[in-house]
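These are some notes for a colleague who is opening this structure for the first time. Please read them with the display at hand.

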Amino acid sequence: MPVPWFLLSLALGRSPMVLPLERLVGPQDATHCSPGLSCHLWDNDILCLPGDIVPALGPVLVPTHLQTELVLRCGKETDCDLCVRVAVHLAVHGHWEEHEDEKKFGGAADPGLEKPRNASLQAQVVLSFQAYPTARCVLLEVQVPAALVQFGQSVGSVVYDCFEAALGSEVQIWSYTQPRYEKKLNLTQQLPDCRGLEVRNSIRSCWALPWLNVSADGDNARLVLNVSEEQHFSLFLYWKQVQGPPKPWWQKNLTGPQIITLNHTDLVPCLCIQVWPLELDSFRTNICPFREDPRAHRNLWRAARLRLLTLQSWRLEALCPLPAEAALCWQAPGGDPCQPLVPPLSWENITVNKVLEFPLLEGHPNLCVQVNSWEKLQLQECLWADSLGPLNDDVLLLETRGPQNNRSLCALEPSGCTSLPSRASTMAARLGEYLLQDLQSGQCLQLWNDDLGALWACPMDKYSHKRWALVWLACLLFAAALSLFLLLRKDHAKAAARGRAALLLYSADDSSFERLVGALASALCELPLRVAVDLWSRRELSAQGPVAWFHAQRRQTLQEGGMVVLLFSPGAVALCSEWLQDGVSVPGANCPHDAFRASLSCVLPDFLQGRASGRYVAACFDRLLRPDAVPALFRTVPVFSLPSQLPDFLGALQRPSAPRPRRLRERAEQVSRALQPALESYFHPPGTPGQGRGVGPGTGDGT
């Protein structure tokens, strides 16, 4: 028996509320106020323009508190709409300014000036309503008699009937005066759905409402729509956003009872469900059942990504809004934890999918971004390592500036920040004098600077082994004569047996093309070559995400002296062309396993900066794409057409100690024989007459 990871049994929302609602007859809005006050509602709505706060020149009426109540506005006994009644409580704020005659002579002013102090107070009170996608503002005129005007005291309330809103919606309410003397009052009212209304039979839109239950199905979620076979309705799945319209995921019109299963990896906190009958002006019910589910929150963070945009700007990309904060940290080689640079820098609150900036002067591969949520580390990525290379053996110096131009320096180490100079036994302390000389001579890179301090990255590689240089040299000389020959033979045998690493990148145009790529990868493994391709790493790809998986594979392949193979197809050419034109990711349905799309962000810098030669090769299949159809930027490395140019292609993939030409031709024939069945299946699918599969633009026979 599977153990459910969440317990949900919902029918259109949470547990129902029983609400005995008052009924209002007639379609007209109305207002009434406390005894002693007089009030009037303007006939038409007004523009919602609160304006700036202005000073009061005497006592004024201001809203102090908002109260709401749900009522029904009915045209007939069984034809009602849900409505929000709002009560605005008012008070007298401010006081009369002392007259100049009183200040000058210390006595009473002209009796003619006393009259305003005994007059009644008037105010224009604005009520603003917003329930996506509608908004409106109404104006209430209120008058308070002089007898009730007491400074700082409440004078009563004015009630507005009423604002109509959709069942299940969220209504934002603001109140202020014109002119505005204080901050706007704000209140949020969450309206119930049909299941929470005692008078459900009085609301026509609730009569034919589909009943929805959300329950556990092992690790997955099951949506059960229990309606009659004749009932037609629409089901819409979307990701709710903080502002603006929802982000759609899936929508379908259905009939009769339905059971729909959602994979547990697709559940995130902002995933919501909207359902409505396919009838005119039918009520749409929205529920977001996974807001508090722990596994949905884990899925959200697992799919979130950090993306570097420029030297200083970056973005946290995620489906849902996240409460998070970020800071920079320093990652030293060797596997030690990344050390937060707080202080001197600070944690910054971040907004999902919004461009953010760090006050950096220069990037560095050892600088990483840490993202925390609820005091727990959720993401960490060294964003600059992809463009600036692997981690450096540098030491980070923290400069602290005090009053009167006093400054102190310390070196960041796993044990803490070691003051320089220092007599401690740490590596930075022993090399402190040399590090200070490097700083003064300009050999250190300044990463950050402000009035309170600075950060410097100083190279350590020239010092890290200086202390033991003579000992190492003696050991190497003693062992060299004995082991040189054996080591050379062992390295040669190991390299031959292990094979060179090759990372194969392609665009997953369709399933037939993926099978063709799989056949090529399998044939290359027999040479031997150690081939990495996303087809064989779907589990890791799903766990890490395509961007992280590609970065790890690319780094490992290039560090081992391997090659990255860009396998071009019409789909890959289209992706590259749109990326080069717009500089952004190609819109559309992102495949969760599309490593080629994910790779473009760091493949392109290698080509643009001239680092691709010797590390990349390109290829395409005969009859599918001509080599000259490959974008010009990628033709700066060798481009091979397969299988007609297999010998040259395999030669480019081999190590410098490649086999003789005859052996290379034999391997090319071996790969060609392995490819033939897949090529025939691709270009002539079973049951397809004539020429078989059509090919895209830029095709040719490869001859």
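The points below go from the whole chain to selected strands and helices.

1. The model is predicted, with local features needing pLDDT of at least 70 and side-chain atom pairs counting only at pLDDT 80 or more, while totals for chains, interfaces and linings use all residues. Residues are numbered from 1 along each chain as its sequence is written, and side-chain values use heavy atoms, with hydrogens and water left out.

2. The chain contains 13 helices and 35 strands, where helices (H or I, at least four residues) and strands (E, at least two) are DSSP runs numbered from the N terminus. Of its 703 residues, 43% are buried, that is, under 20% relative accessible area with a 1.4 Å probe and protein chains only. Among contacts (heavy atoms within 4.5 Å) with a separation of 6 or more, 67% are between residues 24 or more positions apart.

3. Strand β7 (residues 134-144) runs antiparallel to β3 (residues 38-41), to which four bridges join it, and Cys 39 stands opposite Val 142 in β7. Strand β7 is also antiparallel to β6 (residues 121-131), here with eleven bridges, and in this pairing Ser 128 faces Cys 137 in β7. A hairpin of two residues leads from β6 to β7. Strands are said to pair here if DSSP finds at least two bridges between them.

4. An open sheet is formed by four strands in the order β14-β13-β16-β17, with antiparallel pairing. Because β14 (247-255) and β17 (285-287) each have a single partner strand, they stand at the edges, and one side of each is left without a neighbour in the sheet. Neighbouring strands of this sheet are turned by 15° against each other on average, direction ignored. In general, strands of a sheet pair through backbone hydrogen bonds, either parallel or antiparallel.

5. Within that sheet, β16 (residues 271-277) pairs with β17 in the antiparallel sense over three bridges, and Val 275 is placed opposite Thr 285 in β17. The loop between β17 and α2 (294-303) holds Pro 289, which is buried with a relative accessible area of 14%. Pro 289 and Pro 269 lie 20 residues apart in sequence, and their C-alpha atoms are 7.9 Å apart in space.

6. Helix α12 (residues 646-653) packs against α13 (residues 661-683) at an angle of about 110°, with the axes 9 Å apart; axes are lines fitted to C-alpha atoms, for helices over the stretch in contact, and angles run from 0 to 180 degrees between N-to-C directions. That makes α12 roughly perpendicular to α13, a term for angles of 65 to 115 degrees, whereas those over 145 count as roughly antiparallel. The contact involves Leu 646, Pro 647, Leu 650 and Gly 651 of α12, together with Leu 664, Arg 667, Ala 668, Val 671 and Ser 672 of α13.

7. Which helix has an axis that comes within 9 Å of α13 and crosses at roughly 175°? Helix α7 (residues 511-525) does, and α7 and α13 are therefore roughly antiparallel to each other. On the α7 side the contact is made by Ser 512, Phe 513, Leu 516, Ala 519, Leu 520 and Ala 523, and on the α13 side by Val 671, Ala 674, Leu 675, Ala 678, Leu 679 and Tyr 682.

How values were computed. Angles under 35 degrees count as roughly parallel, over 145 as roughly antiparallel, 65 to 115 as roughly perpendicular and the rest as oblique. Buried means under 20% relative accessible area, exposed over 50%, partly exposed in between (1.4 Å probe, protein chains only).
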